[in-house]
Amino acid sequence: MYFTSYEFLLFLSVCIILYYTIPKKLQWGFLLVASYVFYFRNGSFYPLFLIAASVVTYVAAIAVEDKRNADSLWLKEHKEELDLNDKKVFKEKSRRVVKRRMLAGMLICLAILGVFKYSNFVIDNVNGLMQAVSSGKRIAALDLMLPLGISFYTFQSLGYLFDVYFEKIQAERNLWKHMLFVSFFPQLIQGPISRHSDVAGSMFAEHAFDAKKLSFGLERMLWGFFKKLVVADTLAPAVVSISGDPDYYFGAWVFVGIVLYAIQLYADFSGGIDITIGIAEVFGIHLPENFMRPFFSTNIAEFWRRWHITMGTWFRDYIFYPLSISGFLNRVTKKCVKRFGKNIGRRIPVYIATMVTWLATGIWHGASWNFVLWGALNGVVILLSQECRPLYERFHKRFPRLGKTKGYLAFQMIRTFFLLGALRMLDCYRDAAATFRMFVSMFRDFKLSALTAEEWTGLGMTAAQYVFVFAGCAVMFIVSLLGTKGSVRGQIDRLPYVAKAVIYTGLFVAVLLFGAYGYGFDAAQFIYNQF
């Protein structure tokens, strides 16, 4: 039961009607039941692991908070009996116990994720090593199906546990409310990865029916369906054709594939997030934004602050920052400063934290070496960009007017687009060797004459569909430009009624008439479901 299915639309309609019909104090409980109905419909065993993640983080967070509070109270009551050293020893012992409780919850959740998502990856590599040493032994792969959304709800529940551990929030004492926070059905499939402090207020509040909020939510959903069905799914056959036959589509076609896959991925993922946020708005719940005009970025670091924002901030706050200030890296910093001097010594720990964070990001995206390499290359490019910053600054001092021109800004955006597109080839081709071969072919075998009209139609799209996609991209670009001036829906809402009706009717008709449906398309599936 995916967002673009008729079954889901019927399910959602029933939920909306019942949500605003039942007593308001029962609304959040109804959403919990609806979320598990939705999840059970997508797999009968899936709810077991969702419940496990919820219960483990609920118990661990309370255990962490209760131990910390109990020890703090005991210390306050006995402070007159203890000297400074006794207090220090007691606090350190308490800190270790609290940390162990947090780590226990974290490791249980990661173990469940690891078994389902990474066990066969480990088995394949162990078998590869056995084959390399001429061993006839092999380990059989596990016949496991990855539970829907497990990466997203695992990270969301762990983020809650970490926030309690770092004393950013108080532990939720109501198990059922915590289960709703972890399982809220619109964001189960592909995020966003929400923080408890951001969503709890609106999620557990009582909501009266508000026609304007309902309208805004439905408008956001319609925009998401437009991006998903009219742009992303219409492009899907062409992307599959190019990436699926690298021996035929090489050279100039690789450039074409980079552009088409970037558009498809953005329209698919951001469209799904639009639908998710729109559904939440219909219920009066605020979810965090996950995209902020990423293709307007002028460098790769800025891009990752605009793309999949909730994932980026999760890795930054729970891996990069804690690792950066950890005792281990503090010791590394001191040793590096002594050996290499302050200038270099203080950079090495930053390199380590950055690379660990990006390797973890790559592994999160998928259990394969192409994603590991993708994460590593992102980290390397970001570090190289940081190291080259003095050169950029000297260049802009030498040519101060150049950096302010629209032409140079456009150059930076295009450069960032193709740099990320080149890295994204590892995702598109799913094979490191094929990716590097195609990357080289872009420059070695580039021939515009290969891009004939006949070849374009051979990608599985008609001329009319290319027109629809081009028009859809133009609309997305215009909306992005309008977004720099504030809420686009707010701007549209201030237009005359007739103008608003024309805009939304046009989007609705475009989805119905030009959306990709039928044989050869999987409109029910979203690209990020696999992660």
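Arg173 comes out as partly exposed, at 42% relative accessibility (buried is under 20% relative accessible area, exposed over 50%, partly exposed in between, with a 1.4 Å probe and protein chains only). The model is a predicted one, so local features need pLDDT of at least 70 and side-chain atom pairs count only at pLDDT 80 or more, while totals for chains, interfaces and linings use all residues. Residues are numbered from 1 along each chain as its sequence is written, and side-chain values use heavy atoms, with hydrogens and water left out.

Back to Arg173: its side chain meets that of Glu65 in a salt bridge, 2.7 Å from N to O (side-chain nitrogen of Lys or Arg within 4 Å of a carboxyl oxygen of Asp or Glu). The two are 108 residues apart, with Arg173 in the loop between α5 and α6 (175–183) and Glu65 in helix α3 (residues 46–77); helices are DSSP runs of H or I with at least four residues, numbered from the N terminus. Glu65 counts as buried at 12%.

A search of the whole structure turns up 22 salt bridges. Another of them pairs Arg41 with Glu7, also at 2.7 Å, N to O. Here helix α2 (residues 27–41) supplies Arg41 and helix α1 (residues 6–19) supplies Glu7, 34 residues apart. Arg41 is partly exposed at 46%, and Glu7 is partly exposed at 35%.

Then there is Lys227 with Asp274, at 2.6 Å from N to O. Lys227 sits in helix α8 (residues 211–244) and Asp274 in helix α9 (residues 252–282), so this pair ties together parts 47 residues apart in sequence. Lys227 is buried at 3%, and Asp274 is buried at 6%. Through shared partners, salt bridges join Arg220, Lys227, Asp274 and Glu289 into one network.

On to the rings: the structure holds 57 aromatic pairs (ring centres of Phe, Tyr and Trp, the last by its six-membered ring, within 6.5 Å; planes under 30 degrees apart are stacked, over 60 edge-to-face, the rest tilted). Tyr19 and Tyr20 have ring centres 4.9 Å apart and planes at 90 degrees, so they pair edge-to-face. Tyr19 is buried at 0%, whereas Tyr20 is partly exposed at 22%. Phe155 and Trp314, with centres 4.1 Å apart and planes at 25 degrees, are stacked. Phe155 lies in helix α5 (residues 150–165) and Trp314 in helix α11 (residues 309–324), so their pairing bridges 159 residues of sequence. Both Phe155 and Trp314 are buried.
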